[in-house]
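Biologist: Hi! Could you walk me through this one while we look at it together?
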Amino acid sequence: IDPAGRILLASDRVEPMFGYTSDELSGKPINMLLPERFHDRHMAYVHDYMKKPEGRNMGTGRELNARRKDGSEFPVEINLSPAQTSEGLVVIAAVRNVSASKLMEKQLRQAQKMEAVGQLTGGIAHDFNNLLMVVMGNLQLVEQLVRNDERALKRIRAAIDASEKGSELTRRMLAF
């Protein structure tokens, strides 16, 4: 890239990434590889960078997007290296498509969320199961106290059945 932000030379690897041949890019403004919403800001950035060019890694810690010939966007990281040539200052930009690593990061975050939900659910299920055990134990003690009261026994047995179903539900949550 020259100081005016024009592409002087592009490798053949640019075509699979951007959809342009190296010949199509030669002499064109670098902005054609950026989403339109960044054009004005980027040209100001190029102008400022050329005043004091230095090696720089871009895209680490913030989102940078590039634009393909078909208009689709993808995340990138860019390494800038200024070089003094017989024709003057140029900047070598190594662009790396980070779509795959961004996808893996997103999947990792999702897996971590699911793990946290699982741990939370497991903790709640354990605590709930402990409470049910206390309820069931006390119901069994009361059941023996009211052996002769059929109405009370019927209600206690219904409560014990419900507690056992609750306990089974917590076992399924723990298994999940």
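Modeller: Happy to! Keep in mind that this is a predicted model. Let's begin with strands E3 and E4, which form a hairpin with 2 residues between them.

Biologist: Nice. How many bridges join E3 to E4, and do the strands run parallel or antiparallel?
Modeller: They run antiparallel, with 10 bridges joining E3 to E4, and E4 covers residues 88-97. Along that pairing, Glu-77 stands opposite Arg-96 in E4.

Biologist: Which strand forms a hairpin with E3 on five-residue terms, I mean with 5 residues between them?
Modeller: That's E2, and in the turn Gly-71 has a positive phi of about 95°. E2 spans residues 65-67 and pairs with E3 in the antiparallel sense over 3 bridges. Here Arg-67 stands opposite Glu-73 in E3.

Biologist: And what about E1, how does it pair with E3?
Modeller: Strand E1, residues 56-58, pairs with E3, residues 73-85, in the antiparallel sense over 3 bridges. Met-58 is opposite Ile-78 in E3.

Biologist: Switching topic: which residues touch the most other members of the largest nonpolar core?
Modeller: Phe-18, Leu-25 and Leu-33 do, in a core of 22 residues. Helices H1 (14-18) and H3 (39-51) each supply at least two residues of this core, and so do E3 and E4.

Biologist: Which of them gives the most?
Modeller: E3 does, with 4 residues.

Biologist: Last one: what does Leu-25 contact, leaving aside its neighbours within four places in sequence?
Modeller: Leu-25 is in contact with Ile-7, Ala-10, Val-14, Tyr-20, Met-32 and Leu-33.

Notes
Residues numbered from 1 in each chain as written. Predicted model: local features only at pLDDT ≥ 70, side-chain atom pairs only at ≥ 80, totals over all residues. Heavy atoms only, no water. Pairing = 2+ DSSP bridges. Core = buried A, V, L, I, M, F, W, Y, C linked by side-chain atoms within 4.5 Å. Buried < 20%, exposed > 50% of the residue type's maximum accessible area, 1.4 Å probe, protein only. Contact = heavy atoms within 4.5 Å.
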